[in-house]
Amino acid sequence: MSALRRFTPQWLAGSVLGNREFRTLWISLIASVAGDQVFPVAVVVSLLDAGGTATEVGAVLASRWAALVLFGLFGGVWADRLPRRHVMLASQAFLCCVVMVGLAGVTSAWVLGGMVFLAGAAEAFFRPAFQACLGSVLTPEQRPAGAALNAVSWRVGAIAGPGLGAFLVSAAPVGAAFLAALAAFAVSLCVLLPLREPLVVRTARASAWREIAEGVREVWGRRWIGTVIVVTALQSMLTIAPAQVLLPVLARENFGGDAFYGTSLALLSVGGLTGGVVSMLWKPRRPGLAAIAGLTAYGLVPPALCLSEAPWTVYVCFALAGFGIEVFSVQWVVSLQREVPAERLARVVSLDWIAASALTPLGLILTGPAESLLGSASVLLLAGFAGVALPLTALLTSGTTYFRSKYRPYPTKARKRVEVVSVASHYDHQ
């Protein structure tokens, strides 16, 4: 009897947490998320302590987006070329090196911006490799719970991480926050060392640009995937970005101050946490329809900001938006893992990611000029319309309702049987 069976309770052995490789990835993710959340707090405080301006803070934080755009596609290519475990280990080791620079007490905006840029580059390689590896270690039955559990971990990190960073920099020198981030990335690295990644059959290696083109063709061959990628990227630019920019401004003008701003963001994360927990148990018959409905919930936020005078209305809308985003995220991740061949999954994930990474900063930059030209109310009403209309247009593409390229209705038991056989055939071929 294996050690896993000896020390794992019977109820756990049959769940996603009974999967040893998933537990390894999950714990590594929790540690990495903690480091991701603490690191920027330490960077910003270091810059402000040295007399940095708001413009310098914005430029330093924007360097992360620049790295994601520049390296996103190549991160997916190398995650499909090499063992995903190696890519993730290299990424976390590189992050440890970057964070160690902060322990030297650097205060230059250029150096801090370079650190954030390099951290973003490491993230661009880690995320596609992690998502692709996650799909290979989980069975089809475990994937919904696995994706939901990871979503919960991200949300818990989004709630607790900034608070931990703020506590550290207020109670101790800023070096303590850099040390905490370093410890988190080091734990993520060490946890990944014993990971046993299933063998993935890879095609003959071609040039990087050719392999990127293969990822694009993989998306183009499944029109619903391409449609959803475009729609979510546009929604990020036209709906989410304006709400993020105008929320702190309107918090002071109409809702009593910064406490409203912080509470709204916290409730967005709480809603997301709830959505992740619900997604562990809920298996919708039309996952695409459920996911698209979840996306439309964010369209409620901008109109609430400009039409409502009651804070609780905005709070409810933010909580619903977080819930809907996480429902979408879980169904989307599971569907990509099911539909896209394992040897090309990382490239598809990186295409999805880079689309949002490229358009979100554009929305952040354009919101200010648009608000000066049209007024905040007009901008927010247009953002709300886009937030609802854009996701609904995705339903016009064949396959979106079920997130399947070719949907054939069959009973639940038969569907499970087909999926299990498909996975078995894949490993037999290897």
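Predicted model: local features only at pLDDT ≥ 70, side-chain atom pairs only at ≥ 80, totals over all residues.
Local features were considered only at pLDDT of at least 70 and side-chain atom pairs only at pLDDT 80 or more, whereas totals for chains, interfaces and linings use all residues. Residues are numbered from 1 along each chain as its sequence is written, and side-chain values use heavy atoms, with hydrogens and water left out.

Helices α3 (residues 20-49) and α6 (residues 109-137) pack at an angle of about 165°, their axes lying 11 Å apart; helices here are DSSP runs of H or I with at least four residues, numbered from the N terminus, and axes are lines fitted to C-alpha atoms over the stretch in contact, with angles from 0 to 180 degrees between N-to-C directions. The two helices are therefore roughly antiparallel, a term applied to angles over 145 degrees. Residues of α3 including Phe22, Leu25 and Phe39 meet residues of α6 including Leu112, Phe126 and Phe130, where contact means heavy atoms within 4.5 Å.

Five salt bridges are found in the whole structure, each defined by a side-chain nitrogen of Lys or Arg within 4 Å of a carboxyl oxygen of Asp or Glu. One of them joins Glu123 to Arg64 (3.0 Å, N to O) and links distant parts of the chain, with Glu123 in α6 and Arg64 in helix α4 (residues 54-81), 59 residues apart. Glu123 also meets Arg127 in a salt bridge (2.9 Å, N to O), and these two residues lie four residues apart within α6, about one turn of the helix. Glu123 is buried, with a relative accessible area of 9%, whereas Arg64 is partly exposed at 26%; buried means under 20%, exposed over 50% and partly exposed in between, with a 1.4 Å probe and protein chains only.

Definitions and conventions:
Parallel < 35°, antiparallel > 145°, perpendicular 65-115°, else oblique.
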